[in-house]
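Have a look at the sequence and the 3D view, then read on.

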Amino acid sequence: MKTSVTRIVTGIILAVFLIVSTGPVSAACFSGPNGKKKEQILAELNRERQKQGLPPLVCDGEVEDVAQGHADDMKRRGYFDHYTPEGLDPTDRLDAAGVSYISYGENIAWGDHTAKSVVSLWMGSPGHRANILDNYTGVGIGISGNYYVLVFVRK
């Protein structure tokens, strides 16, 4: 009996730690070959937010699909921009996916980065830093090769 209670308490403590460190997670988050790196990026983003007294971002599965789609598209077609070659922007991508939101932001990066180095890169840029520290509640993370996309939303 004592062993069962210990296991339950340990499980609860672990669950609370994971929620505090990364925020609640949608089932669609952290999928694919870069799932672990996406999880690490979310943890780094939330560390930066915690330093400023901000609540953690939650990975949003719908938004994750939008971010991953943009990262895949940039890699496949060899461009690096918030706009597709056809002129579509994050609003168009979110709307096409049927994502409801009040406001959004998007950060992109290119290069051979660790989770920590790509978040440091964004934190060193005023516009990207502002997105990370804004009042957004959800984020989707896309990684394809050396292309990184964060799409932030407030719903």
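## Starting in the core

Leaving out neighbours within four places in sequence, Leu 150 is in contact with Ile 41, Leu 45, Gly 105, Glu 106, Asn 107, Trp 122, Val 139, Gly 140 and Ile 141, where contact means heavy atoms within 4.5 Å.

A quick word on where this comes from: the model is predicted, with local features needing pLDDT of at least 70 and side-chain atom pairs counting only at pLDDT 80 or more, while totals for chains, interfaces and linings use all residues. Residues are numbered from 1 along each chain as its sequence is written, and side-chain values use heavy atoms, with hydrogens and water left out.

Back to Leu 150. Together with Ile 41 and Trp 122, Leu 150 has the most contacts inside the largest nonpolar core, a group of 22 residues. A nonpolar core is a set of buried Ala, Val, Leu, Ile, Met, Phe, Trp, Tyr and Cys residues joined through side-chain atoms within 4.5 Å. Buried means under 20% relative accessible area, exposed means over 50%, and partly exposed is in between (1.4 Å probe, protein chains only). The elements giving two or more residues to this core are helix H2 (35-51), helix H5 (115-123), strand E3 and strand E4 (147-154). H5 gives the most, with 5 residues. There's also a second, separate core of 13 residues, which includes Ala 67, Met 74, Tyr 79 and Ile 108. In soluble globular proteins, nonpolar side chains tend to be buried together.

## The whole chain

Zooming out, the chain has 6 helices and 4 strands, in the order α-α-β-α-α-β-α-α-β-β along the sequence. Helices (H or I, at least four residues) and strands (E, at least two) are DSSP runs, numbered from the N terminus. Of the 155 residues, 41% count as buried.

## Two helices side by side

How do H2 and H5 pack? Their angle is about 40° and their axes are 9 Å apart, which makes H2 oblique to H5. Axes here are lines fitted to C-alpha atoms, for helices over the stretch in contact, and angles run from 0 to 180 degrees between N-to-C directions. Under 35 degrees counts as roughly parallel, over 145 as roughly antiparallel, 65 to 115 as roughly perpendicular, and the rest as oblique. On the H2 side, the residues making the contact include Ile 41 and Leu 45; on the H5 side, they include Val 118 and Val 119.

| Residue | Relative accessible area | Side-chain polar contact |
|---|---|---|
| Ser 144 | 9% | Asp 72 side chain, 3.0 Å |
| Asn 131 | 14% | Asn 107 side chain, 2.8 Å |

Ser 144 is found in strand E3 (residues 138-144). Beyond four places in sequence, Ser 144 is in contact with Gln 68, Ala 71, Asp 72 and Lys 75.

Asn 131 belongs to helix H6 (residues 126-132). Asn 131 and Leu 150 are 19 residues apart in sequence and 9.4 Å apart in space, C-alpha to C-alpha.

His 113 lies in the loop between strand E2 (103-110) and H5. Among the residues His 113 touches are Lys 37 and Val 118, and both of these also take part in the contact between H2 and H5.

How values were computed
Polar contact = N/O pair within 3.5 Å; in protein donor to acceptor, adjacent residues only side chain to side chain.
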